[in-house]
Amino acid sequence: VIEYLQKRGIDKEIIEYCIYNKTLYEEKKYHNAVFAGYDDSRKMKYAFLRSTYLNSTFMGEVGGSDKRYSFSIVPKDSKKEGIAIFESAIDAMSYATMLKMGNKDWKQCRYLSLGGVYKEKNNDCYKLPLALEEYLKSNPDTKLVLMCLDNDNIGKNAMEEIAVTLHNTAIRCIFNPPN
């Protein structure tokens, strides 16, 4: 897992932080990277698998995973008033790496993978992604959502919908897609 993620450009300190906090580990049988999510009592509720083999495109959620508890990085001393959201765990780890490369303290930020984004077909009413909805419920003092979703149509639409959904709340949304 360490070698695979370093080849993807993720900083080793961030990888080791996730391993230490049990949000990242290597599956024994197939050597997949496992990105884990926990509820407030630290019970694992979510797991996403990603192949560590370079020629493999295998990835997917473990059956029974609850998207409300998707992968996150929440350093102990991070600023509680904001959360940066991403489509995937690797995107979140990449952003932390970029902060570190820019000589910023990556542990001041909180990172949340949404486990992908989509809009339900035939549904005019948008709902917040489950992971973000649960995070905001568990962290009612949140004042900022930094939206770092992909810069494609799905990501852009999801950011717009999240901003519209949170418009009449005390939460400020900032668009920050990758370039």
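Arg50 stands opposite Met59 in strand E4, in what is a predicted model, where local features need pLDDT of at least 70, side-chain atom pairs count only at pLDDT 80 or more, and totals for chains, interfaces and linings use all residues. Residues are numbered from 1 along each chain as its sequence is written, and side-chain values use heavy atoms, with hydrogens and water left out.

E4 (residues 59-61) pairs with strand E3 in the antiparallel sense, over three bridges. Two strands count as paired if DSSP finds at least two bridges between them. Strands (E, at least two residues) and helices (H or I, at least four) are DSSP runs, numbered from the N terminus.

Next comes an open sheet of five strands with mixed pairing, in the order E5-E7-E6-E8-E9. Its edge strands, each pairing on one side only, are E5 (72-73) and E9 (172-175). E5 and E7 (residues 111-113) pair in the antiparallel sense over two bridges, and Ile73 stands opposite Tyr111 in E7. Helix H5 (residues 153-165) lies across E6 (82-86), E8 (144-147) and E9, running at about 165° to E9. Axes are lines fitted to C-alpha atoms, for helices over the stretch in contact, with angles from 0 to 180 degrees between N-to-C directions.

On to a pair of helices: the axes of H2 and H3 (residues 89-101) come within 9 Å and cross at roughly 135°. The contact (heavy atoms within 4.5 Å) is made by Glu13, Ile14, Ile15 and Cys18 of H2 and Met93, Ala96, Thr97 and Lys100 of H3. H2 and H3 are therefore oblique to each other; under 35 degrees counts as roughly parallel, over 145 as roughly antiparallel, 65 to 115 as roughly perpendicular, and the rest as oblique.

Asp11 is found in the loop between H1 (2-7) and H2 (12-20). Leaving aside neighbours within four places in sequence, Asp11 is in contact with Thr97 and Lys100. The C-alpha atoms of Asp11 and Met98 are separated by 8.8 Å, though these residues are 87 apart along the chain. With a relative accessible area of 22%, Asp11 is partly exposed, a label for values between buried (under 20%) and exposed (over 50%), using a 1.4 Å probe and protein chains only.
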